[in-house]
Amino acid sequence: MNDVNKRNISVIGLGYVGLPVAVAFGEISNIIGFDINEKRISDLKDGVDKTGEVSSAELSASNIIFTSDLNELSNADFHIVAVPTPIDNDKKPDLIPLLSASKTVGQVLKKGDIVVYESTVYPGATEDECAAVLEVESGLISGKDFFLGYSPERINPGDKKHTFKTIKKVVSAQDENTLQIVADVYSSVVDAGVYKAASIKVAEAAKVIENTQRDLNIALMNELAVLFRHMDIDTHDVLEAAATKWNFLPFEPGLVGGHCIGVDPYYLTYKSTLLGYKPQVILSGRKINDSMGKYIAESLIDNLKKGSKKIDEVVITILGITFKENVPDIRNTKVIDIICELSNFPVTIQVYDPCADSMDVRDEYKLKLVEFNDLEKADAVILAVPHKEFLEKGWKLISELLHVNEGIVYDIKSILDRSIIPENINLFRL
Ligand SMILES: NC(=O)c1ccc[n+]([C@@H]2O[C@H](COP(=O)([O-])OP(=O)(O)OC[C@H]3O[C@@H](n4cnc5c(N)ncnc54)[C@H](O)[C@@H]3O)[C@@H](O)[C@H]2O)c1
C-alpha cells in the first residue's frame, strides 16, 4: 500500500467536478486547488461555492490552498485535472481547456510526478493529446519521467445521494505501479471503492459510453413520444404498462441538455469518424434529442393557433431555464431551443427560474429572466424544468400563472398529477 499522505495533491479546475474532488482530499490532507478563474478562487476563499455543490462549512473544514498562481502548483506531485471538455459549434471536441491545463501542469512537472485526468474525453486523448503537451512543456518523457492516470468522474450535480464518495471510481494508469498509486490515492477518499480498468483507453471509453447509452435510451423515448402523439396515446401510460415487465428499462422522454449526456457522445463519434467509421445509431439518437426543443415549441404553437386568441396576443410562461432540476447550471440548456423556436412567432415569452443566476442567463443567452411577482398572466405555461419549488406548489402554481384557470400546459417531464388537473386546462406531456 502506498502512503497516500506522502503524495501532495493538486486539483486543476474547481468547477462542478473539481471542487467536490478537492474538498474530499482536503478533508484528509493539505492540498492545492488551482483555477484560472480568479473570481472563482476569491469566492472559494470567501467560503462561497456558486455551483451549490459544496457548503461553506465543508469548504472551511477542508485544507485547500485556493490559488491561480502557477508557482503554488509546483509543490504538488499528484495532479488531478478536472477542466471542461465542451464541443464547438460544429459539435466537435473542443480540447482547448484540457490542453491549456496540460500546459499549466507541464510547466511545473517534476520527475516522478503523476497526472490524472478526470475530464471526459474520447479514447486516446490522455495518452496522445495531453501527454504530448506535458512532454513539450516539461521536457520530460511520459511513462519514464512522469506518469499518466485517468479516472473518469461520475458526479451528478444536485444529487446528494450519488456523490464523489459514494460512487465507485474507475481508475486507470499507463503502468501497474502508477495504477496502484492512483488506486490507493482515490481509495483513501472514495468510500465506494475503486475499479481498476484494463487501460487508460478503456477507462476513457467506459465513461463516454455510460453517457452515450443514456443519451440513446432517452432518444428512443423521445422518438416514441413523437410517434405516440400521432396515435393519440400518452407516452407515460405506455411506459408504465411496459415497465411491468421485469427487463423493461425505465427511461423517460425529455430535453437532453447540459455538458455531459448531450456532449460526450460527440467525443466518441468524432474519434470514430476520424478512424474511418461513422457511427449511425449514436448520431441518429443525438439528432432526435437535439430536435426536441423545436418539436415542443412547434407543437405548442399549433395548439395555440387552435384557440380563440390571435397569436400576437399570446403570453407564454416558461418555468425553468437550467439544463436540469435543482442546479444553477445553464450550460447547453435545451430550454433555449424552445425559446428560440417560439421567438419566430409574435408571442410574448417570459421565463422564470428560481435556481438560475439571472446575470449568467443574461450573459450567456442575452435573455432577461422575469421575477416571479412580475409574471403576467399567461395563455400557456411550459413546465420545462421540474425544480423542487415547482413540484411542491404543483397545480396551484400553474393555475396562479394562467388566466383564470384557463390555458395550455406543457408538462415536459410529466410531473403534474393528472388526476387533479384543474378544469379548463389543456394538458400536454411528452
Ligand atoms: N458537471 C458534471 O455533471 C460532470 C459529471 C461528470 C464528468 N464531468 C466532466 O468533468 C469535466 C469538468 O466539468 P465541470 O462540470 O466540473 O466543468 P466546470 O465548467 O464546472 O468547471 C471547470 C473549471 O475549470 C476551470 N478551468 C477551465 N480551464 C482551466 C485551465 N486551463 N486551468 C485551470 N482551470 C481551468 C474553470 O474556470 C472552471 O472553474 C468535464 O470534462 C465534464 O465533462 C462533468
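This is a predicted model: local features need pLDDT of at least 70, side-chain atom pairs count only at pLDDT 80 or more; totals for chains, interfaces and linings use all residues.

User: OK, ligand first. Which residues come nearest to it?

Analyst: Gly13, Gly15, Val17, Asn37 and Ser119. They belong to a set of 28 residues around the ligand.

User: And what classes are the residues in that shell?

Analyst: There are 14 nonpolar residues. Another 10 are polar, and four are charged.

User: Which element gives the largest share of the shell?

Analyst: Helix α5, residues 96-108. Four shell residues come from α5.

User: Let's stay with α5. At what angle does α5 pack with α6?

Analyst: About 35 degrees. Helix α6 covers residues 126-138, and the two axes are 8 Å apart. The crossing of α5 past α6 is right-handed.

User: Which residues meet there?

Analyst: From α5, we have Leu98, Leu99, Ser102, Lys103, Val105, Gly106 and Gln107. They meet Glu129, Cys130, Val133, Leu134, Val136, Glu137 and Ser138 of α6. By class, this contact has seven nonpolar, four polar and three charged residues.

User: New topic. What domains does the chain have?

Analyst: The assignment gives domain 1, residues 6-197, and domain 2, residues 290-429.

User: How many Å separate their centres?

Analyst: 38 Å, taken over C-alpha atoms.

User: And how many residues of each domain are in contact?

Analyst: Five from domain 1 and six from domain 2. On the domain 1 side, two are nonpolar and three are polar. No charged residue is found on that side.

User: Now the other helix pair. How do α8 and α11 cross?

Analyst: At roughly 55 degrees. Helix α8 spans residues 200-231 and helix α11 spans 281-305. Their axes come within 8 Å.

User: Why are α8 and α11 called oblique?

Analyst: Angles from 65 to 115 degrees count as roughly perpendicular, and those under 35 as roughly parallel. The angle here is roughly 55 degrees, so α8 and α11 are oblique to each other.

User: Is that crossing left-handed or right-handed?

Analyst: Left-handed, as α8 passes α11.

User: Which residues make the contact?

Analyst: On α8, they include Thr212, Leu216, Ala219 and Val226. On α11, they include Val281, Gly285, Ile288 and Tyr295. The classes for the contact are nine nonpolar, four polar and three charged.

Notes: Residues are numbered from 1 along each chain as its sequence is written. A residue is near a molecule or strand if its C-beta atom, placed from the backbone, lies within 6 Å of it. Helices (H or I, at least four residues) and strands (E, at least two) are DSSP runs, numbered from the N terminus. Ala, Val, Leu, Ile, Met, Phe, Trp, Tyr, Cys and Pro count as nonpolar, Asp, Glu, Lys and Arg as charged, and the others, Gly among them, as polar. Domain bounds come from an automatic or database domain assignment. Two residues are in contact if their C-beta atoms, placed from the backbone, lie within 7 Å. Axes are lines fitted to C-alpha atoms, for helices over the stretch in contact, and angles run from 0 to 180 degrees between N-to-C directions. Angles under 35 degrees count as roughly parallel, over 145 as roughly antiparallel, 65 to 115 as roughly perpendicular and the rest as oblique. A crossing is left-handed if the near helix is turned anticlockwise from the far one by less than a right angle, and right-handed if clockwise.
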